Amino acid sequence: MTAVAVNNIVKTYGKKKEVAALYDISFEVPQGELFGVIGPDGAGKTSLFRILTTLLLADSGSATVDGFDVVKDYKAIRKRVGYMPGKFSLYPDLSVEENLNFFATIFNTSIEENYELIKDIYIQIEPFKKRKAGKLSGGMKQKLALSCALIHRPSVLFLDEPTTGVDAVSRKEFWEMLKGLKQQGITILVSTPYMDEAGLCDRVALVQNGKILSINTPQGVVQEFPYPLWAIRSDKMLALQREAAKLSSVQDIYPFGEYHHVVLKKGSTAAQLEEFIQAHQVDNAEMKTATPDIEDCFIALMKPSIDTATDSLNENASK
Amino acid sequence: MRTLKFLLQKEFRQIFRDPSILRIILVMPVIQLLILPWAADYEMKNIKLAVVDQDHSEYSRQLINKITSSGYFTLTSYSGSWEQSLEQVERDKADLILQIPLHFEQQLVKEDEAALFMAINAINGVKAGLGGAYLQRIIGEYNREVRMKWIQFPRFNPDTQIEVTSSNWFNPLMNYKYFMVPGILVILLTMVGTNLSAINIVREKEIGTIEQINVTPIKKYHFVLGKLIPFWILGLVVLTIGLTISRLFYGIIPAGSFITIYIFAAVYLLAVLGLGLLISTHSANQQQAMLLSFFLMMIFILLGGLYTSIDSMPEWAKWITRFNPVSYFIEVMRMVILKGSTLVDIKMHLLIMCGFAVGLNGWAVWSYRKRS
């Protein structure tokens, strides 16, 4: 069964509709999937989530959540979705317990009724339940917000950048929690600007400037990477990048951790690059093959210089 | 109902946890009611008078004595030169110049008439008007006294005389505090009602909680009622505090019944809370809400009949006051407290106020959107 279906959604802002936040977006998310919407700031992720949670009206196109239309059946949707906005938005002057209780009651339920669902998450903040929500640490706020979004046992959960501004350990914990929720059969849509989190989703949509660049499983996205990829390093990284960019076989080069990732043009061999590395032995230059990850794919999709390649990827995506 | 109960519980918790709200609710009425009525005085006292006495006679001295002993004027300069006195006015050391010309006494005795000249600094219109009027009355009285001394009364009074005596109804001693305190109390109630409700909802917008609320199946009217009821109760508390202060400090005991005041205040509070809601639905942040309510408050106060009488306003301004809820409540407060009006006497006011309450709240609920 389809939990979320989006058809040709268009949303523009501004008086003359000059700013397009979402441009003809379509995708489907089956029930029980952990679906990631990955894209940089300003890609349109929040607009998309606000449309799906009935807070925002799209200019055109339609969308359903759990089979209900976001415009006509908004009342039904509000009963069955959980939404966690990007900004912490619980009452800072109410305590942890009071916040949770409040959200439980306005959904006509109680903490006890759905305690099973939030137990794993809530148990971590329960020792602080008398503390005011505004005085919690970032990670604890996140857990509380998730608990509040889950308290009415939603069938679809929308998490808008839940891990932005949260430390690495808490982020990891948070994704563990999402996996646990997925096992309970809850469909989860999560947006994030972090590429490394894409690999934790069942499927991801790469979004930029209001357009979907690609929808696939994380593995699929990586497998579709059509170029030979190498990693190079030397003692003089900056000079190395500048000079390697001049090579005729090099499509793109960008810093990637300790190494530079070198994207070669389709069908070209590494011979020229090898020669180049040989010539820079003085600076301890070295090279190795690299396996592309989501970030490489995203960079390749984003670069306008490789338009033709993007098209071919898009074709794959729409299939 | 259960939802509403929890919404109210949450609102009250938040209010009682916010020390600044409690401070505003408790301290503001006390301070305003204790200070403002003393400062907002209609009577002009200590008007600075400069006298140009070019006569230096018995009569001129008598006149000056009479003026200064009235208590309204303080003699700040006494000279024989007009220029000197005018300079005093220019330096703002005098508000009024009274010139007693040469041969004042002579003229008065011989010709039975004499002229005086009065120049008034009209920068402060109220002061100038009242000061001039006071001075004229004192001179008039002086005139009568002088004549009384001279005239040998015949058996029958040669002129026909109409004597006017007045008695002040409802406020026999013309105690302006009886008049001001109820009005200030109305302003207080209006400020508490409008500002608190407007800022409260806008704060939910600012911290983003309204977004969370909007995705819940909570009903619009539940949310709005959850906001209205706490501030409605707080408004009535402020009214009670205000009435207590006016009784303890100014000895104001309403001639009418407290029930009448509370019934009207209950409806009035609904109207101003509706206004607050309306402001909040049209503002994105607290600054906007504050500025908007400040702007409206200025109009309400200045066109509310608190400081200036509505009857003396031009026709167009009178029309504006008809759309000003504050003007109705001020009138009702004065009617009930001073005159002892009953519900029957204020039924038109009450009806109009119901109209305001329904209209403003309806508009506010209509423009509050759970989605954009």
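1. A salt bridge here is a side-chain nitrogen of Lys or Arg within 4 Å of a carboxyl oxygen of Asp or Glu. Chain B and chain A have four salt bridges between them. Please keep in mind that this is a predicted model.

2. Three elements of chain B each give two or more residues to the side that touches chain A: α1 (2–17), α7 (176–207) and α8 (209–214). The largest share, eight residues, comes from α1(B). By type, the residues on this side of chain B are seven nonpolar, eight polar and 10 charged.

3. Now the extent of the interface. In contact are 25 residues of chain B and 32 residues of chain A. The two chains bury about 2,700 Å² between them, and 57% of that lies on carbon and sulfur atoms. Polar contacts across the interface link 11 residue pairs, with both residues at pLDDT 80 or more.

4. V96(A) sits in helix α3, residues 96–106 of chain A. Is V96(A) buried or exposed? V96(A) has a relative accessible area of 0%, and buried means under 20%, so V96(A) is buried.

5. What does V96(A) touch, leaving aside its neighbours within four places in sequence? Its contacts are Y122(A), I125(A), F128(A), K129(A), R131(A), A133(A), L136(A) and L144(A). Take R131(A): 35 residues from V96(A) along the chain, with 6.0 Å between the two C-alpha atoms.

Notes
Residues numbered from 1 in each chain as written. Chains lettered and ligands numbered in written order. Predicted model: local features only at pLDDT ≥ 70, side-chain atom pairs only at ≥ 80, totals over all residues. Heavy atoms only, no water. Helix = DSSP H or I, 4+ residues; strand = E, 2+ residues; numbered from the N terminus. Buried < 20%, exposed > 50% of the residue type's maximum accessible area, 1.4 Å probe, protein only. Contact = heavy atoms within 4.5 Å. Buried area = accessible area lost by both parts, 1.4 Å probe. Polar contact = N/O pair within 3.5 Å; in protein donor to acceptor, adjacent residues only side chain to side chain. Nonpolar A, V, L, I, M, F, W, Y, C, P; charged D, E, K, R; others polar.
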